[in-house]
Amino acid sequence: MKFGFLAHPRSALELRTCLPPYGIPFIPFCSNESLKMRCLERGLIKEYFFFKNIDSKDGKSCSGKVFCIYLSPEQFLEHQGRALELMERASNDLKDWGAEVIGLGGLTGVAGSRGKELNDKISIPVTSGNSFTIYSSIKALERIIRVVGADLRDQRIVVIGFPGSIALAIAEILAKKGANLLLVSKRQTSFLKQFLSSINDETDADIEVTNSIDEALNKSKIILTATSTGGIIDAGKLKPGTMVIDIAQPRDVIEQRNMRKDILIVDGGIVSLPDNGKTYCRLFGWQANDIPGCLGETIILALENRREAFSIGRNLSVEKIEEIGRLGEKHGFTADNLRYFKKSISDSHIKTFSKSFKTTN
Ligand SMILES: NC(=O)c1ccc[n+]([C@@H]2O[C@H](COP(=O)([O-])OP(=O)(O)OC[C@H]3O[C@@H](n4cnc5c(N)ncnc54)[C@H](OP(=O)(O)O)[C@@H]3O)[C@@H](O)[C@H]2O)c1
């Protein structure tokens, strides 16, 4: 089966560097703002990558294309009508090529009610890919927790970006595993109250809510973050011994090339394609065969021949998150990668961090 996937540049700089030269004339002379406006008007879409054949450990194969929509992350949130129009055009082009399911990368999975509106507009199913992203983020967290010799049930874990689709499911899964939670939500909504009362019936875990990121970072050393705005955490201010699983694209942790060794920042939701000696891709300058979890979910659906809107909308099912995880493992995906800024995190860094985690409060 063939799949299609929609991606976008993750910053104005990436937009500038990856634009096809014929797309916008005189790029070097445009300010970021004027470049973004011209991209919005022109509505450029281009094939970015072709997966000719992905072979799974289970003997299945599929192929697919990634299309890039040249809008900045903010434009997907501020101009959702235009973004949706371009997403529909790209999806229909992918459908004409033969794609039978469309995956949504980054903020294409947020615009238009998290996949629902696009799914209603086109004749093939759409998935935000959030279920596999959530599965892999939890796997990475559990791996670090094992390495530092801690127990999830003794920890207070901060989840930022509540009640977004990813943060909501992560909070539900961790609460059911018995972790105490501090949820960071910009506002108190009736939805938040409803969630708290339903989850409190299912767990003894202690769940608190705050609207202050600083307060949350002060109270805990384990942070999972998935906001739609990005750039909200200054790594320089983190307490020694803090670990952050940063799922957001663009990142929530402001980029730091030389990471402090007493903290651990992991790019959440990065998975690896089945390891069978082939190099399938080096997307976005990442390591060979590393892909975002949302693309991983789309590929798994294609390998399974499942023409299904697997993950759309705000509320995702924990059962389906576990199901896509099991399918991913069956096909040979690696879900618990520890990467930061495109690279594997070294054993020596993890060792130093581990010491710092154990010796600080
Ligand atoms: N790594 C991967 O493979 C992968 C895959 C899929 C998605 N993602 C990324 O994950 C992120 C979240 O996706 P999603 O589908 O969960 O989006 P979502 O449903 O829109 O959730 C984002 C949440 O973040 C909240 N938020 C925004 N700014 C905030 C701030 N400054 N402080 C606290 N909360 C804030 C939003 O609140 P309001 O609604 O009140 O603004 C919203 O509830 C996005 O960056 C997306 O690109 C990554």
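Predicted model: local features only at pLDDT ≥ 70, side-chain atom pairs only at ≥ 80, totals over all residues.
Colleague: At what angle do the axes of α11 and α12 cross?

Modeller: Two packed helices are described by the angle between their axes and the distance between the axes. The axes of α11 and α12 cross at roughly 75 degrees and come within 10 Å, and α11 and α12 are therefore roughly perpendicular to each other. Axes are lines fitted to C-alpha atoms, for helices over the stretch in contact, with angles from 0 to 180 degrees between N-to-C directions; helices (H or I, at least four residues) and strands (E, at least two) are DSSP runs numbered from the N terminus.

Colleague: Which residues of α11 and α12 meet?

Modeller: On the α11 side they are Gly296, Glu297, Ile300 and Leu303, and on the α12 side Ile324, Leu327, Gly328 and His331, where contact requires C-beta atoms, placed from the backbone, within 7 Å. The residues of this contact divide into 4 nonpolar, 3 polar and 1 charged.

Colleague: In what order do the 6 strands of the open sheet lie?

Modeller: Their order is β8-β7-β6-β9-β10-β11, with parallel pairing, where a pair needs at least two DSSP bridges. At the edges stand β8 (207-210) and β11 (264-267), each of which pairs on one side only, and the twist averages 20 degrees from one strand to the next. Strands β6 (residues 156-162) and β7 (residues 180-185) pair over 6 bridges in the parallel sense, and Arg156 has Asn180 in β7 as its bridge partner. Helix α8 (residues 165-176) packs on this sheet, touching β6, β7, β8 and β9 (222-225), and its direction makes about 155 degrees with that of β6.

Colleague: Where do the domain bounds fall?

Modeller: An automatic or database assignment sets such bounds, and here it gives domain 1 (2-131 + 274-331) and domain 2 (135-271 + 337-359). Their C-alpha centres lie 25 Å apart, and 26 residues of domain 1 are in contact with 19 residues of domain 2. On the side of domain 1 that touches domain 2, the elements that each supply at least two residues are α3 (73-78), α7 (130-147), β13 (290-292), α11 (293-303) and α12 (318-331), and α12 gives the most, with 4 residues.

Technical notes. Residues numbered from 1 in each chain as written. Contact = placed C-beta atoms within 7 Å. Parallel < 35°, antiparallel > 145°, perpendicular 65-115°, else oblique. Nonpolar A, V, L, I, M, F, W, Y, C, P; charged D, E, K, R; others polar.
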